Amino acid sequence: MDCYFRQTWVDRRLAYTGDKDTLALSISMLGRIWKPDTYFYNGKQSYLHTITSPNKFVRLFQDGRVLYSSR
């Protein structure tokens, strides 16, 4: 089964003006921006499955909204 974990938040420091409504950011930028510290309440045990290449994407909207998705 494939599961996707998606988060969205607003960071006004990342707001921009321009012709494009959204920007697709590289995965290397993910390490440079603030991300929420997400956890699963009452989680007993968990792990992050690792594969040969990361299956993540980050999209930035003009108002500073960030969309992060991980498979």
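Trainee: Leaving aside neighbours within four places in sequence, which residues is D11 in contact with?
Mentor: W34 and G64, once those neighbours are set aside. Contact means heavy atoms within 4.5 Å. One caution before we go on: this is a predicted model, where local features need pLDDT of at least 70 and side-chain atom pairs count only at pLDDT 80 or more, while totals for chains, interfaces and linings use all residues. Residues are numbered from 1 along each chain as its sequence is written, and side-chain values use heavy atoms, with hydrogens and water left out.

Trainee: Where is D11 found?
Mentor: In the loop between β1 and β2. Strands are DSSP runs of E with at least two residues, helices are runs of H or I with at least four, and both are numbered from the N terminus.

Trainee: Is D11 buried or exposed?
Mentor: D11 counts as buried, because its relative accessibility is 7%. The cut-offs are under 20% relative accessible area for buried, over 50% for exposed and partly exposed in between, using a 1.4 Å probe and protein chains only.

Trainee: What does the side chain of D11 make a polar contact with?
Mentor: With the side chain of R13, at 2.8 Å. A polar contact is a pair of N or O atoms within 3.5 Å; within protein, one must be able to donate a hydrogen and the other to accept it, and residues adjacent in sequence count only if both atoms are side-chain atoms. The R13 and D11 side chains also meet in a salt bridge, 2.8 Å from N to O. That term asks for a side-chain nitrogen of Lys or Arg within 4 Å of a carboxyl oxygen of Asp or Glu.

Trainee: And R13, buried or exposed?
Mentor: R13 is exposed, because its relative accessible area is 67%.

Trainee: How many salt bridges does a search of the whole structure find?
Mentor: One.

Trainee: Let's zoom out. What pattern does the protein chain follow along the sequence?
Mentor: It reads β-β-α-β-β. That comes to one helix and four strands. Buried residues make up 21% of the 71 residues.

Trainee: How do contacts split by sequence distance?
Mentor: Take contacts between residues at least 6 apart in sequence: 74% of them join residues at least 24 apart.

Trainee: What order do the strands take in the sheet?
Mentor: β1-β4-β3-β2, in an open sheet of four strands with antiparallel pairing. Two strands pair if DSSP finds at least two bridges between them. β1 (5-10) and β2 (22-25) are the edge strands, each pairing on one side only.

Trainee: How many bridges join β2 to β3?
Mentor: Four, with β3 covering residues 56-61. In that pairing, A24 stands opposite R59, and L25 stands opposite V58.

Trainee: And how many join β3 to β4?
Mentor: Five, and these strands run antiparallel. F57 has S69 in β4 as its bridge partner. The hairpin of β3 and β4 has three residues between the strands, and G64 there takes a positive phi near 95 degrees.

Trainee: Which residues are in the largest nonpolar core?
Mentor: Eight of them: W9, Y16, L30, I33, V58, L60, V66 and Y68. β3 and β4 (65-70) each supply at least two residues of this core. A nonpolar core is a set of buried Ala, Val, Leu, Ile, Met, Phe, Trp, Tyr and Cys residues joined through side-chain atoms within 4.5 Å.

Trainee: Tell me about L60. Where is it found?
Mentor: In strand β3. L60 is buried, with a relative accessible area of 7%.

Trainee: Last one. What does the side chain of Q7 make a polar contact with?
Mentor: The side chain of T38, at 2.3 Å. Q7 is found in strand β1 and is buried, with a relative accessible area of 15%. Beyond neighbours within four places in sequence, Q7 is in contact with P36, T38, V66, L67 and Y68.
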